[in-house]
Amino acid sequence: MLNRANLVGNQAARTPQQLAYLGDAVWSLHVRCKYLTPPKQFASYRSSAERHVSAAKQAAYLDSLLASGWQLTPAEAQLVEWAQRTPSSSLTLRAKYSAAGGQQGAYRRATAFEALLGHLSLEDPPRLQELLQRLDPALADVDRRDGAGGR
């Protein structure tokens with residue numbers, strides 16, 4: 001069982017990769033919860049969620065969040081910048097996100113998005129909920145554009 005007390009308040013011991021790992025789970029859970037109703041076939045649940053969890057989409061959600069007027073705190077802005085600057089050698093980039101694939105910037109922004117979510121899940125859960133609610137219209141836009149209807 002996760003001992004959250006060991007993680008909360010121990011910011012100096014966390015890396016962007018650790019926060020991104022946690023933030024990826026937070027985002028995935030948020031997205032999956034959006035599509036639980038009405039009841040569907042398993043494949044429908046999966047395809048509904050998969051539209052939103054790719055690195056390209058996560059980078060777009062970070063961009064959307066910032067364009068919506070969401071103000072990062074100084075600590076959040078520093079974390080986002082730090083996570084985006086993480087050396088490539090410490091990130092495992094899929095081939096399509098490698099320098100040759102030309103999407104390394106999207107992968108770095110996705111890592112920053114996930115790190116922000118991971119950080120907020122540990123340090124400020126109410127702000128995390130605000131952020132996720134702010135992004136719900138962007139999820140709905142993706143669903144409309146993809147013709148999926150979401151829920």
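**Aromatic pairs, a helix face and a pocket**

Modeller: A search of the whole structure finds two aromatic pairs. This is a predicted model, so local features need pLDDT of at least 70, side-chain atom pairs count only at pLDDT 80 or more, and totals for chains, interfaces and linings use all residues. Residues are numbered from 1 along each chain as its sequence is written, and side-chain values use heavy atoms, with hydrogens and water left out.

Colleague: Why is the pair of Trp-27 and Tyr-61 called tilted?

Modeller: Rings of Phe, Tyr and Trp (its six-membered ring) pair if their centres lie within 6.5 Å; planes under 30 degrees apart are stacked, over 60 edge-to-face, the rest tilted. Here the centres are 5.2 Å apart and the planes at 50°, so the pair is tilted. Trp-27 sits in helix α2 and Tyr-61 in helix α4 (residues 55-67), 34 residues apart. Helices here are DSSP runs (H or I, at least four residues), numbered from the N terminus.

Colleague: How do you know whether Tyr-61 is buried or exposed?

Modeller: Buried means under 20% relative accessible area, exposed over 50%, partly exposed in between (1.4 Å probe, protein chains only). Tyr-61 has 3% relative accessibility, so Tyr-61 counts as buried. Trp-27 is buried as well, at 0%.

Colleague: And what kind of pair do Trp-27 and Phe-113 form?

Modeller: Edge-to-face: 5.1 Å centre to centre, with 80° between the planes. Phe-113 lies in helix α6 (residues 104-123) and Trp-27 in helix α2, so the pair ties together parts 86 residues apart in sequence. Ring pairs link Trp-27, Tyr-61 and Phe-113 into a cluster.

Colleague: What makes the buried residues of α5 line one face?

Modeller: In helix α5 (residues 74-84), the buried ones are Glu-76, Leu-79, Val-80 and Ala-83. Down the axis of α5 they fall within an arc of 100°, so they line one face of the helix. The arc is that of the directions from the helix axis to the C-beta atoms. Exposed Pro-74 and Gln-78 are on the face turned away from the buried side of α5.

Colleague: Last one: which helix gives the largest share of the lining of the second largest pocket?

Modeller: That's α3, with five residues. A pocket is an open set of points on a 1 Å grid over the protein atoms alone where a 1.4 Å probe fits, with protein on both sides within 12 Å along at least five of seven lines; lining residues have an atom within 4 Å of a point. Among the lining residues are Arg-32, Phe-42 and Glu-50.

Note on methods
Helix = DSSP H or I, 4+ residues; strand = E, 2+ residues; numbered from the N terminus.
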